[in-house]
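Open the model in your viewer and keep the selection panel handy.

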Amino acid sequence: MSDAPEPITSIITPVRLEYDFTAGAAATMFLRGLAQRKIIGARSRPGEPVMVPPRGADPRTAELTLEAVEVSDQGTVVSYSIVRVPSDNIPFELPYVCINVLLDGAGLAFFHVLQECPLDEVRLGMRVKAHWAPDDQLDTSVTSIEYFEPLDEPDVPFEEIREHT
Amino acid sequence: MREVGIVSFAQSSALRERRNEVEILLPVAKEAVEASGMKRQEIGFTCSGSSDFLQGQAFAFVMGLDAVGAWPPVVESHVEMDGAFALYEAWVKIQTGEVDSALVYSFGKTSPGDLAEVLALQLDPYCVTQLWPDADSVAALQARLFMARAGLEERDLAEVAVRSRRAASDNSHAIVKGESDVETLLAEPCRSSPLRAHDCPANGDGATAMVIATGDRARALCDRPVWIRGFEHRIDAPALGVRDLTRAPSAQAAARAAGVHDDKLDFAELDAPYTHQELILRESMELPEDLEVNPSGGSLCTRVLFSCGLTRVGEAASRIASGAGDRALAHTTQGHCLQQNLAVVLEGE
């Protein structure tokens with residue numbers, strides 16, 4: 001049996017699937033806004049929290065969020081994480097900081113990257129603002145915001161953001 | 001066994017959609033909850049069926065919860081299966097005595113991806129998926145084998161399509177419907193021999209939702225609750241080469257275990273996305289030849305993947321609730337070539 005072939009211990013079977021992402025009504029408003037340097041959220045009715053980014057519904061009440069509401073491009077850091085693991089689609093130098101930022105006027109924290117801030121100075125309650133891409137790079141994509149950067153304003157007390165942390 | 005009744009059912013239009021999954025599902029879930037007469041927060045359990053592979057997005061099913069409201073926190077579960085299997089889980093949960101009611105929903109939006117490629121991932125990854133056979137071609141292999149064994153012709157399959165389309169005429173949610181004739185259908189080219197377009201499912205995007213509750217609760221909520229009298233699912237080997245594709249032993253076992261044959265059926269809603277599969281299911285589930293099958297037009301005329309099984313249950317329940325029958329079988333299949341099968345026996349009060 002010495003001429004028996006070596007057993008096959010593994011095979012590679014490449015799989016690639018392509019999709020046309022369906023943004024839906026609410027996210028379409030949001031993505032079109034980004035191309036104009038606007039952050040557009042959505043709410044179910046006046047008085048209800050503004051969802052940013054909007055996915056179509058208010059998850060607390062299960063109501064459609066079809067009313068567009070523009071919110072500020074400034075906000076408060078309500079949670080963060082320091083990333084030390086590389087990823088193919090992330091252009092930032094390691095380590096960098098991911099933040100959840102509660103934009104002024106929004107009722108839901110927004111996920112992005114913080115730059116121009118030493119790692120040991122990131123903190124809950126710190127004020128930040130969007131750093132927009134140059135005009136020729138604006139697109140219907142969150143990449144229209146290159147990153148968030150610190151804003152020279154006093155921190156927001158923890159009690160005011162506790163619900164979002 | 002605790003008595004469990006279907007108290008409400010809703011489904012979307014099944015048209016191709018530019019809305020996202022949450023936007024499609026939300027009105028349907030809301031309609032089912034409102035029709036149940038219960039408040040959202042009163043419902044004890046939430047269970048859903050969908051597949052992230054249709055969206056190409058990991059944990060896409062979690063976003064589905066946005067559409068049903070998850071605050072205050074809900075007791076919730078999900079199956080990467082048709083909503084009919086989520087209904088099974090909810091039914092089991094009620095049997096354990098933990099809850100007395102449940103909202104079950106499912107959604108399927110197949111338009112973002114290439115369905116033929118997505119479904120190829122359900123096949124044996126070592127020797128079959130790599131060939132990327134499309135689902136219609138896999139079904140065509142089964143059809144060819146079944147026709148040879150049963151002595152059937154393409155005409156016999158076309159007759160299933162003609163009957164289904166006619167039945168779907170009254171179904172406002174049906175994608176394909178209306179009068180057709182066998183000669184005209186057979187004049188069309190084959191899509192994947194021996195199957196033509198009319199032998200293959202009309203795919204759409206959509207959602208289905210249902211509320212179930214225990215005995216007296218269900219009686220208080222609706223005039224004629226439809227009771228789940230038997231509920232079973234069984235599975236056959238997934239590899240195409242290791243089983244007789246012309247038979248569905250798991251459908252037979254599920255039907256027998258669910259008590260399908262304990263009494264006379266008035267009609268059946270079978271999840272048979274291909275014409276020949278209805279014939280295999282009729283035979284395997286040992287259904288009487290004269291039994292009315294798919295008065296809604298079935299999954300052949302309207303297939304919303306991961307939702308059309310729950311829709312079969314809902315269509316059957318609605319028909320019984322309206323008084324157009326007292327006892328029915330609803331069936332759901334999953335996988336290629338009728339690999340997994342679920343049978344539920346429904347009875348009116």
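Start by selecting B:Glu286 and B:Arg256 in this predicted model: the two form a salt bridge, with their closest N and O atoms 2.7 Å apart. The pair ties together distant parts of the chain, 30 residues apart. B:Glu286 sits in the loop between helix 11 (275-284) and strand 10 (292-293) of chain B, while B:Arg256 belongs to helix 10 (residues 249-257).

Next, select B:Glu3, B:Asp216, B:Arg219, B:Arg229, B:Arg327, B:Glu347 and B:Glu349 together: salt bridges that share partners join them into one network.

Now pick B:Glu232 and B:Arg234, whose side chains meet in a salt bridge at 3.0 Å, N to O. Relative accessible area is 22% for B:Glu232 and 33% for B:Arg234, which leaves B:Glu232 partly exposed and B:Arg234 partly exposed as well.

Time to color chain B by domain. Its assignment gives domain 1 (4-113 + 203-221), domain 2 (115-199) and domain 3 (227-348). Where do domain 2 and domain 3 of chain B stand relative to each other? Their C-alpha centres lie 17 Å apart, and 32 residues of domain 2 are in contact with 29 residues of domain 3. The area buried between the two is about 2700 Å², with carbon and sulfur atoms giving 61% of it. Highlight B:Gln142, B:Phe146 and B:Arg149: they supply 25% of the area that domain 2 buries against domain 3, more than any other three residues.

Stay at this interface for its polar side. It has 15 residue pairs in polar contact and 2 salt bridges. For another salt bridge in chain B, select B:Arg163 and B:Glu278, whose side chains meet at 3.0 Å, N to O. On the domain 2 side, show helix 5 (115-120), helix 6 (135-150) and helix 7 (154-168) of chain B, each of which supplies at least two residues of the side touching domain 3. By class, that side has 20 nonpolar, 6 polar and 6 charged residues.

Finally, move to chain A and select A:Arg123 and A:Asp155, a salt bridge with its closest N and O atoms 2.7 Å apart. A:Arg123 lies in the loop between strand 7 (110-114) and strand 8 (127-132), and A:Asp155 in the loop between strand 9 (145-150) and helix 2 (158-161). To keep exploring, note that the whole structure holds 36 salt bridges over all chains.

Terms used
Residues are numbered from 1 along each chain as its sequence is written. Chains are lettered from A and ligands numbered from 1 in the order in which they are written. This is a predicted model: local features need pLDDT of at least 70, side-chain atom pairs count only at pLDDT 80 or more; totals for chains, interfaces and linings use all residues. Side-chain values use heavy atoms; hydrogens and water are left out. A salt bridge is a side-chain nitrogen of Lys or Arg within 4 Å of a carboxyl oxygen of Asp or Glu. Helices (H or I, at least four residues) and strands (E, at least two) are DSSP runs, numbered from the N terminus. Buried means under 20% relative accessible area, exposed over 50%, partly exposed in between (1.4 Å probe, protein chains only). Domain bounds come from an automatic or database domain assignment. Contact means heavy atoms within 4.5 Å. Buried area is the accessible area (1.4 Å probe) that two parts lose on being put together, summed over both. A polar contact is a pair of N or O atoms within 3.5 Å; within protein, one must be able to donate a hydrogen and the other to accept it, and residues adjacent in sequence count only if both atoms are side-chain atoms. Ala, Val, Leu, Ile, Met, Phe, Trp, Tyr, Cys and Pro count as nonpolar, Asp, Glu, Lys and Arg as charged, and the others, Gly among them, as polar.
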